[in-house]
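Here is a short briefing for a reader who is meeting this structure for the first time. Please keep the sequence and the 3D view open while reading.

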Amino acid sequence: MLYIIHTSADIEEIKEKIIPLLENRDYTLVPYPLIADFSPQENAILLTYLGDEFLSEFLPRAANNQWVVGILPRPDIKYTIQGLGISRDLEESVKEILETEEPYKLDLLLCNDQPVFLSVNIGDVFAITKDTKKNNFFSEVLHFIRNIRQLPSLSHKPFVLSIDGEKIISTSALGIVVIEHAMSSIISKRLISESSINDGQFDTVILSPPNILEFFWFLFRSLLPRNTFSNPPSFIGQIKASNLTIENQSGVEFTIDGKIRSAKNINFEVVKDALFIKQKSSYISEGEGANEKNSLQIDNLPTGEKKIELTKRKLPLFPRATAEEFADLFKVLRDNAEVTSIYVVMMILSTLIASFGLFGNSSPVIIGAMILAPIISPIVSFSMGMVRYDINMLKTGVVTIIIGTVVSLVFAAGVSLIIPLKVLTPEINARLSPTLLDMGIAVASGVAAAYAHAKSGIAKSLAGVAIAVALVPPLAVAGIGIGWWDWAVFSGAFLLYSTNLAGIIMFAGITFLLLGFAPFKRAKMGLIYTFIIIAIVMVPLSLSFNRIKEEARITSQLEGSVIENVVLKEVKVRFGKTLLVSVKVVSGEPISSIEMKRVKAKIEDRIGKPITLEVVSAIEF
């Protein structure tokens, strides 16, 4: 026996579209709402032609009475069909209901005793579609774009989560999503790898981003086609359980399949095998029983001081360190800013090793000196003092940097006096002409230094190696210039050292700002002073960089060219009082001085400048 449950407005549509598909089966039309004592015959099938609102009332009653149900898709159904994973085609649905012998048993997820077919969205969870007929990629993108304007107003809300009456965590989150299976949305499908509608459990996704940038990046990645998160972001918590209570003391707004509700306590439970449906769900797993083991991935959710910081104000654009994180880092940097005997001894040793390596033209020895150099520690401390405008740390840091610099210069000068050589080795010469490229090295080094100190999971030695590349060797070369009493050597190398020092301080400070260790208002003055220093330093760097560009232009013009039947090779250009061009000329026979003067004249015409020409002649047979 078939019972067709319908509203009075649908009677004509049922007679026209549904009854002709019943294959002359006996049926009874039953208007909805049902009478209180409605009791169908044994082995009857209840065909529903109802919308979401009426189905949310009818299906729990059917579950309590163990009625066998067939759900006929209406054009206006948004949630039930998609949530249960059954066909949207009317003719196909009727055929399946009539031909299926045994009903399928599906779980029923309840939220505050209301059935949930698609999802429950608590708080600000605009990443997951709340009210769309088609939950596909394009609808998710449009929904995301419409809600971008909400980003500046987002804020965490405090929640207490409990299972079986026992608290598991007190945390904060922008929002929480509860779903019975992963196919409820684009994002949940990519976050949750295993779920079904008959495993006796539901999934909870907790979104607790610490700042807008990380949240935006996650949302952007989640919308990319075929992007599945094998390792979800650390700010996302996941719970798989058969019951859960979510509490918010002041009350919170949430939606059950698009319907807005508000409550202080939100209770979830799964009723195992509650629904008897004569249609197979695409989300069902054959032979899968109830899973009584809860799965909790909540270790990285904010608690304690971090939770309080996130709930006090709007979600920050950039990362913001908690008081606990700042206190730990500040203590380390304050200690690093102090002058100690270990610091002085290591500066002496690294300088000596670098000096001998420079004279010996040995890159491995110089690298060894870089690893030993401790001067990065007070520089990073000075950067923190700058952005926090901490006078004591600034004074201590600058004193320690000056002492390290002076010690390095003195001992490098001493080595140059002891060694009876005054030769510009390639390693020394490489540090005499700093350019804007060296400022780029300083920028990357400053970011690396600050980031490594701020993130406890990164070894501090990595930053020491990266920074020392730009500090110890030029200091040693400057000291050698003092020992030789050579202003050109000293000034070139010390300009390189100053460039790296200013760049590191500036961008280490900016990194601390972006990581949330200082407000911009407090850091403003320190950043302005450092920027002025960098602007002054960049003037000679720009001139040097332009010189290198000009050298490269002239070299490319002359290298391999043919002038007066001779080929110019191995062209080298150096600027001085007059432009010096060193070149190897290759010809088939010896070149006279008159011919060489003609070559020189044509080179001058080509580059547009007078030159001093150095020639190495080679004859090619």
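This is a predicted model: local features need pLDDT of at least 70, side-chain atom pairs count only at pLDDT 80 or more; totals for chains, interfaces and linings use all residues.

The protein chain holds 20 helices and 19 strands. Of its 621 residues, 50% are buried.

**Whole chain**
- Take the contacts in the protein chain with a separation of 6 or more: 74% of them join residues 24 or more positions apart.

**Nonpolar cores**
- The largest nonpolar core has 60 residues.
- Ile375, Ile379, Met384 and Phe512 have the most contacts inside this core.
- Several helices give two or more residues to this core, among them α9 (323-336), α11 (363-372), α12 (376-388) and α13 (391-418).
- Also on that list are α10 (341-359), α15 (436-454), α17 (472-484) and α18 (487-514).
- The most comes from α18, which gives twelve residues.
- Leaving aside residues up to four places away in sequence, Ile379 touches Ile401, Leu471, Leu501, Ile504 and Ile505.
- Another core, of 31 residues, lies apart from the largest one. Val30, Tyr32, Val69 and Leu106 are among its residues.

**Helices α10 and α17**
- Two packed helices are described by the angle between their axes and the distance between those axes.
- For α10 and α17, the angle is about 75 degrees and the axes are 9 Å apart.
- Angles of 65 to 115 degrees count as roughly perpendicular, so α10 and α17 are roughly perpendicular to each other.
- On the α10 side, the contact uses Ser350, Ala354, Ser355, Leu358 and Phe359.
- On the α17 side, these meet Val472, Pro473, Ala476, Val477, Ile480 and Trp484.
- The residues of this contact divide into nine nonpolar, two polar and no charged.

**Gln279**
- Where is Gln279 placed? Gln279 sits in the loop between β14 (259-277) and β15 (295-297).
- Is Gln279 buried or exposed? Its relative accessible area is 0%. Buried means under 20%, so Gln279 is buried.
- The Gln279 side chain reaches the backbone nitrogen of Ile71 at 2.8 Å.
- Not counting residues up to four places away in sequence, Gln279 touches Val69, Gly70, Ile71 and Ile86, along with Ser93, Glu96, Ile97 and Tyr104.
- One of these, Val69, also belongs to the core of 31 residues.

Methods:
Residues are numbered from 1 along each chain as its sequence is written. Side-chain values use heavy atoms; hydrogens and water are left out. Helices (H or I, at least four residues) and strands (E, at least two) are DSSP runs, numbered from the N terminus. Buried means under 20% relative accessible area, exposed over 50%, partly exposed in between (1.4 Å probe, protein chains only). A polar contact is a pair of N or O atoms within 3.5 Å; within protein, one must be able to donate a hydrogen and the other to accept it, and residues adjacent in sequence count only if both atoms are side-chain atoms. Contact means heavy atoms within 4.5 Å. A nonpolar core is a set of buried Ala, Val, Leu, Ile, Met, Phe, Trp, Tyr and Cys residues joined through side-chain atoms within 4.5 Å. Axes are lines fitted to C-alpha atoms, for helices over the stretch in contact, and angles run from 0 to 180 degrees between N-to-C directions. Angles under 35 degrees count as roughly parallel, over 145 as roughly antiparallel, 65 to 115 as roughly perpendicular and the rest as oblique. Ala, Val, Leu, Ile, Met, Phe, Trp, Tyr, Cys and Pro count as nonpolar, Asp, Glu, Lys and Arg as charged, and the others, Gly among them, as polar.
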